[in-house]
Amino acid sequence: MTDRLAELNPSQREAVTTLSGPLLVLAGAGSGKTRVITYRMAELIRSGIQPSRILSVTFTNKAAREMQERAGKLLGKSRSERPLVATFHSLCVRILREEIAALGYPANFTIYDRGDQESMARTALRDIRVPEKSMKPGDLLSLISKWKGAGVSPEQARDAVDGDLEALAAAGYRRYQQGMKAAGAVDFDDLLYLTDRLFTTSPELLARHQQRFDTVQIDEYQDTNGLQFRLIESLVRPHHNICVVGDDDQAIYGWRGAEVRHILAFPQHFPGTKIIRLVDNYRSTSQILALANQLVTNNRNRHAKQLLAHKDGPLSVKIKEHPDEGTEALDVVREITWLTKQKGVPPGDIAILFRTNDQPRAFETELRRAQVPYVLLGSQSFFDRREIRDLLAYLRVCSRPEDEIPLLRIINVPPRGIGATTIEKLVGRAQKTSQRLWNAMPPALQTGELGQAAGNAISGFRTLIEKYRRQFAENPRALSTTLEKLIDEIGYHAEIEKQYEQATQHELRKTMLGELVTAVRQYESRTTHPTLHGFLQETSLGGREDEPDKDDKLQAEGVKLMTLHSAKGLEFPRVYLVGMEEGLLPHKRSTSERSGDVDEERRLCYVGVTRAREFLTISRAQTRMKWGKPRVCQPSRFLFEMQGLPVPPQVLMGDDRR
DNA sequence: CTGATTGACGTTTTT
DNA sequence: CGTCAATCAG
C-alpha cells in the first residue's frame, strides 16, 4: 500500500487519502485522474469500508468497465468484493427495476431510444392536433428533455408555460408521457427523472437507498445535469461523504443539459469542502500544452489554472493548410503511411479527431486506398443500421406486443400485404376502444371490416409473432437459434437482396444480421438467466458500447477515427486534429444561433489538443464540399487564439456566400 | 398494395 | 450530394 502512494505527487496523494467529507478534485487533462480515483477506492477499502458500500459513478459504460477492471487488478478480489461502478443511467435502472411499480409502470419496462422517442412524440403531436410545421417531434423532445432535466412534471409544465408554443408543448409532454406509460416504456431522461420522483415522493424509499452506500465518488463531474446532481445529493445527504472529480475546462455536454455550475459551486453545495487541484500534466509535451493553456484563457467562467508540462518535444506541433478536404485527407494519410510503413510506428498509436460524423468519409477512403488498418469508433452505430433496427423491433414485439412503436415498424416489413389503410383502421379501432393495437386485431378480424386479403395478412402476422413469442419464452437458452429461424421465416435475406442492388451491399448487410445473432449468443453465454427482455434492456442501455466487435476495435491495431466528444478521456501518442475551420470548430450552430455557446466549442478544441502525447498535427481545408458545391472556409478562430495571435475580423464575419 | 419517380431540404455532439 | 417523404401509375 505504502509504495503505491509513493508513486504519487503530493496533491494526488492528498486526494487519495482524504476519505471522508466533501472533496472536490479539480483534475486537469492528463493529471493522472483515473489513477487517483482507483487508488482512492483501494484506500477506502483499506480503511475498513465494505467494497459493496462504495459507489463509484462514471460517465460512460466503457469508463465503468475500465474502472471495474482496474479496481479488480488493484484489489485482486472477486467481482462480488469490488465496489459498485456504475453510470448514472445503469444505477437508476437498478433502482427502478425494484421500485418502478410504485409509479404504475411494469417492472419489465423498455427503454426507448431516440428513434422510438421521435415516433412517440409524433403520435403525441398528432393526438393533440398540432401540425408538423408548427412543431416538429424533435422540438417537442428537446423541450420535454429540458423540463425533465429540471424535474418538472407535465402538470407543473402546464401551469408554468410561457407563450402559445410552450403551452402546446406542455400538452404534448403530457400526452407523450401518457403514451410512454401505456407502452410500458421510459426514455433516457425518465431513468433519472422517475428515480428522482421516487426519491422525492417517498422518504422511506429514499432512506433505504441512502443506507446502501457509505461513500460516493463521481468522475467527470463537470458533465452532470440538474437531475444527476439532485439524485446524488439525495443519496449522500446523511453523510456528505462525496468525492467529485472533474475539469471545468473539459465541460462539453452543455447541449445535453450538463451545467458547469455544479462543479463551480460544489463548495457552496457542500459546506466544508476540501479542494485539491491537480495541475501537473504527465501526458503531453510542453509545446502541445502551451497551445491548450493559451486557448482556454479565452473562456470566461472557469477555475483559472495553468497546466504544468513535464516533457519537452520541440517538433511536436504542426499546423497545416490544404486546398480542400480531399487533399487534407490525402496528406494526413500519406504521412500516416510513411510513419507506419517506414518508421515502424504502430497504427494504433495514431488518432484522427474531428467535429462531425461526416468528416471521416474522406479519411476512410484514403486509408483504405493506402491499405492502412483503421477503426472508426462511435459513428454509425451497429444498432442504428436499418436491418438491425428492424430485427430488434421484431424481438421487442415478441417480448411485449403491446408496445406499438416497434409493432408499427415491422407490421409490414418485409411487405406482407398490410397497407396504410388497414393500419389506419386498426389504429382507429384501438383508439376508440382504448385498447393496445395488438389486442385490437382479433376483434377487427371478427367484424370482417378489413376485407379478405388484409384480414388474412393480419392473422398470419399474429400467428407468426405468437409462435416466436412462445419459442423465445420457452427456450431462453436458445434465443440466438430462435432468432435465426425467425430471420429465415420472414425471408429477411431475400428482402435485403431486393432492397440493395450491389452484391457487396448484400454481403455487408447479411454479415450484420450474423453479428446480431452473435450478440444474442454472447448474451446467452455470459448471463445466468437469459431472457429476451434482458437482452433488449442491455442493448438499449449499453447502446453503442455493446457493439459485438467493440472490444476488438478498441484493442485493434488500427488508426483510430473518432469525434472529439468520443475522444474525451482517451490519449494517443500522435493526434491529427482535422477540419480546424470556422463553421466546423466552432460549429456554425454555436456561432449563429441565439443559444450558441462558443466557449463550449473552445473547450472541445481544448479536449482535442490535450489528447496528444508526443505529436499533434492540426489541419484545415480552405474549401469544403457542401451539398455538391465547394465552399470557402475561414480558418478557425481557435487557431489564432491558441497561438496568442489576434483573430482577424473577417474570420468572425461568418461569410455565407456560396 | 407495391414499387418507382420526383422534389424539397438539410448543416453537431450522445448517455 | 444524399436522404426521405410525398406522389403516381400499375
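Predicted model: local features only at pLDDT ≥ 70, side-chain atom pairs only at ≥ 80, totals over all residues.
Helices are DSSP runs (H or I, at least four residues), numbered from the N terminus.

H7 spans residues 137-149 and H9 residues 164-183; they pack at an angle of about 80°, with their axes 10 Å apart. Axes are lines fitted to C-alpha atoms over the stretch in contact, and angles run from 0 to 180 degrees between N-to-C directions. H7 is therefore roughly perpendicular to H9 (65 to 115 degrees).

The largest nonpolar core has 64 residues, and Leu-191 and Ile-218 have the most contacts inside it. Such a core is a set of buried Ala, Val, Leu, Ile, Met, Phe, Trp, Tyr and Cys residues joined through side-chain atoms within 4.5 Å; buried means under 20% relative accessible area (1.4 Å probe, protein chains only). A second, separate core of 44 residues includes Val-397 and Ile-410.

The whole structure has zero disulfides (pairs of cysteine sulfur atoms within 2.5 Å). The sulfur of Cys-243 is too far for a bond because the closest cysteine sulfur, in Cys-92, is 20 Å away.

Residues are numbered from 1 along each chain as its sequence is written, and chains are lettered from A and ligands numbered from 1 in the order in which they are written. Local features need pLDDT of at least 70, side-chain atom pairs count only at pLDDT 80 or more, and totals for chains, interfaces and linings use all residues, while side-chain values use heavy atoms, leaving out hydrogens and water.

Notes. Helix = DSSP H or I, 4+ residues; strand = E, 2+ residues; numbered from the N terminus. Parallel < 35°, antiparallel > 145°, perpendicular 65-115°, else oblique. Buried < 20%, exposed > 50% of the residue type's maximum accessible area, 1.4 Å probe, protein only.
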